[in-house]
Amino acid sequence: MTLTATPTSSAGGALTDRPVSWSTTNSRVVTITAGSNGTAVVKAVGGGAASLTAASEGVASPKLNVIVISPCCQVGDGAPPLVQQSFQDALARNKISVQLPIASPAQRVGNGYIQIVQSADAAAATFILAQSDKIGIAYVVGGAVLTAWQSLGGAGGPLGYPVTDLSAGGTQRFEGTAALAGNPVRLVSGGILAKWGLLGYEAGAAGAPVSDPTGYSTFGANSGVAQGFAGGAIYNATAGPRSPQAYFVSGLILARYNALGGPGGDYGMPISDEFVSAGVHQQNFEGGYMTWAAGDSAAKEHAAAKTPGLIVSPATVSAGSTARFAIVGFPNNSTIRVSITGQPDFTVTTANGAYMWDMFIAISAKSGAMAVHAADTKGSSVADGTLTVRGFNDNHVPLVKVQGDNQTGPPGALLPLAVRVALLDAAGGPVAGAAVTFEASSGAQLSAASAVTDANGEAETWVRLPGTEGVTGVVARAPGVAAIPVTFNLRSAAASLANFPKLQQTGDIKLGGGPATIAQKGALLTAVAGILRYHQNRGELGAPNGPADPAALNQFLTAYCPIDAKGNMLCDGFLAVSPSGEQVVNLWRAAEFTGGADVEVVAASPAAIADFLAQGSPVLLSLALSLNGAPAGGHFVVASGIAADGSIGIQDPSPLFARSSLSDYLNGFSAGGGAWKAEVRGVARFALRSPLSTGFLVAVLSQPGALLQSLAEDIVSAAGTCGPPLELFDSVDSAGNPAAGPLLSRLTACDGAQPAYQIQIGGGQPFRAQLTDLAAGGSLSDLSGSAAATWRATRPEFYLTLAPETVSFTAASVVNGATFTSGIAPGGVAAIFGTGLSGSGKATTVDMDGTAMRLLFASPFQINAEVPQTMAPGVHILRVQSVYGSLQQAVTVAAVAPGIFLIGNPPSGAITDQNFNIVEATNPLPRGQSLVIFATGLGAVTQSGQYSTTSAPVTVLLNGSALTTSFAGLAPGFIGLYQVNVTIPAGTPPGLGIPLSLNVRGQQSNSVLVALQ
């Protein structure tokens, strides 16, 4: 559409020589491009409402209001303008035309945007447009690569976003140092990907991948991964003396190498690429070399002389480190007895005359030499090695500062960097498992007074500065390990945000759609405009609608009326119970004035305000005012600095109050003939990141404070509750007149990224509440009522779906409580996953065939319960009854369903020593002692004295070898928890990652790794 604006003189004559500029209040609805002679071309780009204005020499035309009714969606709708353009560029670059309209808008996933599109050709292929924030360029993912990428979690998975288009040979690379390539598509990653890249990817000598990566270990103390390609195979060492080397093996040499057992055979891993000398092709391996020449039909191997040896890598370590041992050069199939100083001997039979294991050197180890002797039990071959241990009894290592020194922050704030130290031995290797203590000077607070060094030898704590200006010291010590402590010098100093806009609530423009003006009740609008303007002035937020000020932001929010997916106009720039009600600024819509920012709400506290200011963010403060001791309503200011005494400096939009320190409000002051006082009820900021496209907002609007105090409001997902609500009292006006009531609004935002949410809201009297889906095209749902109600919110595709909560679960979602995989047994823990499984007002019960199941845990989304010991194997009816109803499913109970519990992240087996200390790589179990394994699903038990032992024998499988248990039964005092005790024979070969599982009646549990010394 083309518009024409003609400037006129006071007499009404046309001024055709005057320049004309054009503006739109919402560039996401329409764009406007100025032409010549006062013309402009207006283009609709998305559903919603906008106002167009022409201006010439400071004189503006009347507003032209337009409404664009557009079905969702166009390319990039829902993403910032730059991403929209990048999506269009990616389609053009790949010569893909798509069907319009697109079924769904762009979505925020992880650190970027994606949009699903269909091609416009007859095949209607599916593609995903994807752009990472880090890369800033969009790429197209389609076909088999798209299927593989999605199966690995897509943009939110470990591969992350694409960093290239699909190559002509069918390869696409991704952020996570990985590529998808080949037919069928396979993952290539890490060192193998780097080597493949050096070879030219699929166009080079290796060609496309033809197999998935597999692990290997060699007799030379190396382990790694190998992957097959059309032209050969790449071997990449990830641990051992050869790490991180990678080599390519192909042709005749590869064929012979594989025939001889590959990296697990006598030749080990390659230690060079193939090279040519005097017409002979040669490649070197750990166990020798192979050659071929022109005319040969097979490569020839040349074994290195087999000499018994013992590799210790590294040869010298500090306590708290790991060493690797490798026996090499013994005759094939020999049985080798290994003796280690201070440890019991063990024997191992090896097919290739080699064996490798890792050993953790305890932090308490003394200095000395550890001798290792290996002898063939049936021959004369022997080998010896020595590991030199540097203990801390006479060899203290330095404690060094890694980060966090010389930081400065506002009084009372959490410093942005943790105070971190490291313990490194003489060779630069990390010292893990050492205790580090931290001590701060008076007034400072530490997140942890002690920590244990991690695998990198590092330990840290976070520091909150004292509430007043001054110098703070934090001393770190590693008693018994490092002789000299280190001191971090930190400083708390007054700070303020430079050049924060001093906007005030003035003007007779109506606030939103209500009767009050900005001057009367525009404190919240003005405070928000000031924050957005501050970020715009610093170049941190865009200005697609011009610089933020109260009038411009008011116009934007008043005209904010996008069309939802159902064709309804949703005008919620201001939230109000009625046109004449309080006009509450919708912060989540106000953020779109700048093209997009996120809103972050935290619990109201001085520490939270200080932390945001320390990060350079101005802070919106919602105040609850009292006048002469009586509740009066609300007011809004912006925290913009912290003084030397810790008091918060503010920008106050009210000409009547005009305070510069929050302390004035907290302690009380006089203005307008009355005594005013306030408390902080809400704290929020505009975070400089794009919001998730899955978010939603629950708003309880302008309700009496007493009602809100009694109003039940709980929004929870399997990940926990949503963030704290933002409470906003209806504003006191600029003349100091109290708000009627006063009334209170409560806004609660959720990221919406979880599969389901349970929303409980209401009470014993009428209330007004609504839920807004913040996704592009999202709708508004009215939650108002006069009694408590509970809703289930899900996002099956792109839009939020709301329905009354009911009990819901499937037979497949009743799983083993230890492994969360299929299989439950009498006496074991069953985990039930679903929705509506628990809520306030009535206790949840679970029964099986009418027999009550004892509950261990109940939440809206998961129940853990004990399967009755009396249940015979077979199909049974499991019923869940909660406040939301009753549902039953037919489930199968097996005689046994063994599962070892998993703990930690990443998960590891719940296995301890006899003192119930977790057995792990940094706390391996000495061989000859007992392991305690915690499991479920071991079946029926028999009372034996004070213990209940399993009716069926339980066997522990350790690296494939069966071990007899000393006890298997219910853990005393627990429900559904079984305990298995087993003594590890002293002659068991050691290692830090030995597979262990349980076997009951032929049923094997999940396998976990255990560390033995």
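Author: Happy to! Let's start with a pair of strands: strand 79 and strand 80 (residues 1003-1004) pair in the antiparallel sense over two bridges. Keep in mind that this is a predicted model.

Reader: Good to know. Which residue in strand 80 is the bridge partner of Asn-999?

Author: That would be Gln-1004.

Reader: And what happens between the strands in that hairpin of strand 79 and strand 80?

Author: Two residues sit between the strands, and Arg-1001 takes a positive phi near 50° in this hairpin.

Reader: Which way does strand 79 run relative to strand 75, and how many bridges join them?

Author: Strand 75 (residues 954-958) and strand 79 run antiparallel, with five bridges between them. Within that pairing, Val-954 stands opposite Val-1000 of strand 79.

Reader: What about strand 81?

Author: Strand 81 (residues 1008-1012) is also antiparallel to strand 79, and four bridges join the two. Leu-1009 of strand 81 is the bridge partner of Pro-995.

Reader: How many of the residues of strand 79 are buried?

Author: Eight of the ten residues in strand 79 (residues 991-1000) are buried, so this strand is largely enclosed by the rest of the structure.

Reader: Nice. Switching to the inside: how many residues does the largest nonpolar core have?

Author: It has 72 residues, and those with the most contacts inside it are Val-528, Leu-553, Leu-621 and Tyr-665. Helix 6 (residues 523-537) gives the most to this core, with nine residues. Apart from it lies another core of 27 residues, and Val-954 is among them, as are Val-896, Ile-900 and Tyr-978.

Reader: Arg-659 forms a salt bridge with which residue?

Author: With Asp-664, and the closest N and O atoms are 3.6 Å apart. Arg-659 counts as partly exposed at 23% relative accessibility, and Asp-664 is partly exposed too, at 26%. Elsewhere, salt bridges that share partners join Glu-679, Arg-681, Glu-713, Glu-727 and Arg-746 into one network.

Reader: How many salt bridges does the count come to?

Author: The count comes to 29 salt bridges. One of them is between the side chains of Glu-439 and Arg-477, at 3.4 Å from N to O. Glu-439 belongs to strand 34 (residues 435-440) and Arg-477 to strand 39 (residues 470-477), so this pair ties together parts that are 38 residues apart in sequence.

Reader: Now the pair Glu-592 and Arg-589: is each one buried or exposed?

Author: Both count as buried: Glu-592 has 15% relative accessibility, and Arg-589 has a relative accessible area of 4%. Their side chains meet in a salt bridge at 3.5 Å, N to O.

Reader: And on the outside, which residues form a nonpolar patch on the surface?

Author: Val-400, Val-402 and Leu-424 form one, with about 180 Å² of accessible area together. Val-402 is found in strand 31 (residues 399-403) and is partly exposed, at 38% relative accessible area.

Reader: Then which residue has a positive phi although it is not a glycine?

Author: Lys-95 is one of them, with a phi of about 55°. Lys-95 lies in the loop between helix 1 (81-93) and strand 8 (107-108), and is exposed, with a relative accessible area of 74%. Asn-628 also has a positive phi of about 55°, and lies in the loop between strand 45 (619-627) and strand 46 (630-642).

Conventions:
Residues are numbered from 1 along each chain as its sequence is written. This is a predicted model: local features need pLDDT of at least 70, side-chain atom pairs count only at pLDDT 80 or more; totals for chains, interfaces and linings use all residues. Side-chain values use heavy atoms; hydrogens and water are left out. Patches are made of residues with over 30% relative accessible area and no salt bridge: like charges are joined within 9 Å, nonpolar side chains (Val, Leu, Ile, Met, Phe, Trp, Tyr) within 5 Å. Accessible areas come from the Shrake-Rupley method with a 1.4 Å probe; for residues, only the protein chains shown count as cover. A salt bridge is a side-chain nitrogen of Lys or Arg within 4 Å of a carboxyl oxygen of Asp or Glu. Buried means under 20% relative accessible area, exposed over 50%, partly exposed in between (1.4 Å probe, protein chains only). A nonpolar core is a set of buried Ala, Val, Leu, Ile, Met, Phe, Trp, Tyr and Cys residues joined through side-chain atoms within 4.5 Å. Two strands pair if DSSP finds at least two bridges between them.
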